[in-house]
Amino acid sequence: MKIYCLFLIATLSVLNAKAQGLGAVYLRCEYKENPVTDVTSPRLSWELTSKENDQVQSAYQILVASSAELLSESKADLWSSGKVPGRATYQIGYQGKPLESRQICYWKVRSWDKSGRVGQWSKMASWEMGLLSKSDWQAQWIGLDLNHLGKGKTYHLPPAPYLRREVFIKNTMKKARLYVTALGLYEFSINGKKAGDAFLTPGWTDYDKRVYYQTYDVTSSLKPGSVNALASQLSYGWYAGYLGYSLLVQNPVVRAFYGKVPLLKAQLEVTYQDGTKDIFTTDQHWKAGQGALLESDLLNGETYDASLEAQGWDRVGFNDKNWKTPPIYPDKPARQIQVYPGPPVRITQTMPVKSVTERATGSYIFDMGQNFAGIVRLKVKGVKGDTVRLRFGEKLYPDGRLMTENLRMARATDTYILKGDPQGERWEPKFTFHGFQYVEVTGLKTRPDHQTLLGLVIGSDTPKVGSFETDNSMVNQLYSNIDWTQRANYIDIPTDCPQRDERIGWTGDAQVYVKSATFNRDVASFFTKWVVDLNDGQFENGAYPLYAPAPSLRKTDTFSPGWMEAGIICPYQIYRAYADTRMIVQGWPHMVRFMDFLEKRSKGAYVFKENAFDDIDPKGGFGDWLSFGKKTPPDMLASFYYAYCADMMAEMAEAIGNQKDYAHFTKTAAAIRKAVLTHYTDSEGRFKTDEKAYGKGEGYVDGALGFTGHTQTAYANAIYMKILKETDTGKAGAYLVELLKANGGKLGTGFLGAKPLLPALSASGHSDEAYKLFLSKEFPSWGFEVENGSTTIWERWDSFTKEDGFKYNAAMNSFSHYAFGAVCEWMFGNAAGIRPSKPGFETFDIRPEIAPDGMGKDGINYLIASLHTINGKITSEWRKETEKLTLKVTVPVNTTAHIYVPAESPNHIQLDGKPFSTFTNAKVTKQEKGYVIVEAGSGAYQFSVSQ
Ligand code: BGC
């Protein structure tokens, strides 16, 4: 008995010790859980949990095995990292045996804590290798040219091709994988069941250079010992459909930028128990025909005549005698075929109808209550031939009509023709999406109800990582608007807008917003994909394009300062947020080429005073797009961006251990700064007001109001990009405040000025001014949009006003444009004060700026924000109480925070209700401008500051 007890105690203490060790969770490979990848040294990551405060990892060990059985016995036949000392928990490249196509790798990890205790092995995770070489592909490109059937006058919208084949699967099937891609869009099914849940596959790329494929585990969809039906519908998509905004400028080329006929390439690989395989590929054994999908276009919508359904076409036994043998189309040798690296586009949420209103004309307006990108599912009953038409819009006119003018030539109309099923019919389109809040439905024979439509939100499925809440409802609505606009525009690529005939990857919009995006969603793999698009779109001369992917929609679409720098800024921000250096290494030759381009353009002057961008139209570039009042000269902004890029290049060179380039870009950055100051500032340290100092370009702006360097945008950018000497930041901040005052306390900034405006005010000691702008509800401001009923961020500050309605040129009036949402960066980085001091938030600051007093309901007295970083979840929460301020912070395991407690002295601070001095894992490091700076390891902290 005694022995038993002792044994029990010993066992319990072992369990206890283990329970106290570090836990490794959320195992990911290339930013995804259990993915398919073709990266041959994929990067692994995990997060740590601990029951103790102030914990760090002192070492880790990774095991990778070729089977789950081997891994469970800890037999790592592929790779054992050994015990690796240090804190690294992410961006750890696999370094085991070379991996082959189709190989599945099972892995686990364990960590040692700071006192050398080893934690338990994590749960098992896995990744699977895709097809690593083009020669793994036996499948051919097949398709059916139906272009001659496009009937419309305004739009040429041919029907969607349908492709099918039946295959026999032996009854000893062990597993099956389906590899599919398309030039255009595809949906693939097996025995009538859609493979996977992704939408708009395989995504948009420069199809002449690369196309992505998806891999599906279809083991459970196939019937062994039986005939199975493989079926695919194709659509025109970005490859062959309408694209971009060429219609606006009457360019006769409005569709089929990459090719005319959508094509499919698919390979089903079935492995049997004895290790043998059957590979079924797209080839001449397939049959091609048509079905109910009469029109299918990304921008224009779909028309589906259910009475024409080829019943059972996607199942076994369908008579395809009259279908054609699809021609085989040649491949382009230069085109690479790779695993889709981004997060899939999916239906991420359903949206019930908020209200239905009957219009006098017999049509109905459905209000979804939220502007979003997606489609609707229609439920309807009627007789064969009844035609239900769905038109989509973001706004209604005051008289209740649907406003569609701002869609320009995007028809954004779905039509469903009933087959007359007495049980009722359900339909949703497959290859289109709309940006909308309202749906106008006509053609219903019976009165609809809320169930007639269901909204389906689509977007790249980027995990939510941020939250932001205050006691101010306007601010909360603004944050919701920002996140919704991001979701509506991160659809395979970062687009400008989801509704009009544009929806392209404008680089300026993307670069001003990328940092904000990282606060809301995990966009690491999303940008892993898009940065390749950017690099693929780089011009011969080294400039990054205006939009990526970059089909040449108009001859004049080339590059512009403020836009082209996305090629540097996006990889840099991804590096800062996720400590991703691989993106830097892979993009380095492109980035260096771009910097060479800038150097050449500056002709050794390090500023662009010689109208360096005169060859592009509009002259000098877009400048501070959609700003008010006098315009900031584009060449001046270009020079600032040059310095900013050189700084980022120096930092990134250092991060990848490239000392030579580090030295070079450090020197370049200094030279640019010197030249900028000499050329653009006067003796008072102000930016010159004399127009002669600037390029002669008119700028692509509303109204030629002339240029001056003395603008909000100029100072905001100069402070944000640290163009000025540190000692002059205060002066620049004062000019900025002076300019705001002169403008009635209102902002006048456009795309390039709005992002740095609040951060620059905060950085120069004018946090209260930043808050005033942030909390303002007067035109122009973020609050003004909210006051005017917005549920998303608008393209223009006054896209709509209650008094004047739609004031602007409808062609340029999107209600879902994220650029001005870049204020999100200040909300998290300043108001909540969450800022990385080392990439990936391995160390970070919490430096909250507390909102000014005396604003009553229009102010902020309580704020809570959180960010789930690659290191785990950080929280910053502050509350103003009578004579007291509380600040709560959570610091993830394995990280260190510098918490800036807003207090005059440590004596005013209590931590978790006790005097500060009693703590060992949180210590005061210094005091600075109204803050006591506390260094803290992992854990939760509650500070209370007496005022
Ligand atoms: C887009 C913008 C874009 C701009 C170029 C517009 O049509 O919607 O967001 O950056 O063109 O200035």
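This is a predicted model: local features need pLDDT of at least 70, side-chain atom pairs count only at pLDDT 80 or more; totals for chains, interfaces and linings use all residues.
**Exercise 1. Positive phi**

Where do A256 and E883 lie, and what is the phi of A256 and of E883?

Step 1. Recall the background. Most residues other than glycine have a negative phi, and most peptide bonds are trans.

Step 2. A256 is not a glycine, yet its phi is positive, about 55°. Its place is the loop between α3 (237-240) and β17 (263-272).

Step 3. E883 is not a glycine either, and has a positive phi of about 60°. Look for E883 in the loop between β40 (872-881) and β41 (884-891).

**Exercise 2. Two partners of α7**

Describe how α7 packs with α8 and with α5.

Step 1. Start with α7 (residues 566-578) and α8 (residues 582-601). Their axes are 10 Å apart, at an angle of about 150°. Axes are lines fitted to C-alpha atoms, for helices over the stretch in contact; angles run from 0 to 180 degrees between N-to-C directions. So α7 is roughly antiparallel to α8. The cut-offs: under 35 degrees is roughly parallel, over 145 roughly antiparallel, 65 to 115 roughly perpendicular, the rest oblique.

Step 2. List the contact (heavy atoms within 4.5 Å). From α7 come G567, I568, P571, I574 and Y575; from α8 come M583, I584, M591, F594 and M595. By class: nine nonpolar, one polar, no charged. Nonpolar means Ala, Val, Leu, Ile, Met, Phe, Trp, Tyr, Cys and Pro; charged means Asp, Glu, Lys and Arg; the others, Gly among them, are polar.

Step 3. Turn to α5 (residues 507-520). It packs on α7 at about 5°, with the axes 9 Å apart. Therefore α5 is roughly parallel to α7. T507, A510, Q511, V514, K515 and T518 of α5 touch A566, I569, C570, Q573, A577 and Y578 of α7. This contact has seven nonpolar, four polar and one charged residues.

**Exercise 3. The ligand site**

Which residues surround the ligand, and how far from a ligand oxygen atom are polar side-chain atoms of D496, E502 and W563?

Step 1. Collect the residues with a heavy atom within 4 Å. They are D496, R500, E502, W506, D509, W563, F622, W625, F751, E795, M812 and H817.

Step 2. Read off distances from a polar side-chain atom to an oxygen atom of the ligand. D496 gives 2.8 Å. E502 gives 2.5 Å. W563 gives 3.0 Å. The polar-contact limit is a pair of N or O atoms within 3.5 Å.

Conventions. Residues are numbered from 1 along each chain as its sequence is written. Side-chain values use heavy atoms; hydrogens and water are left out. Helices (H or I, at least four residues) and strands (E, at least two) are DSSP runs, numbered from the N terminus. A polar contact is a pair of N or O atoms within 3.5 Å; within protein, one must be able to donate a hydrogen and the other to accept it, and residues adjacent in sequence count only if both atoms are side-chain atoms.
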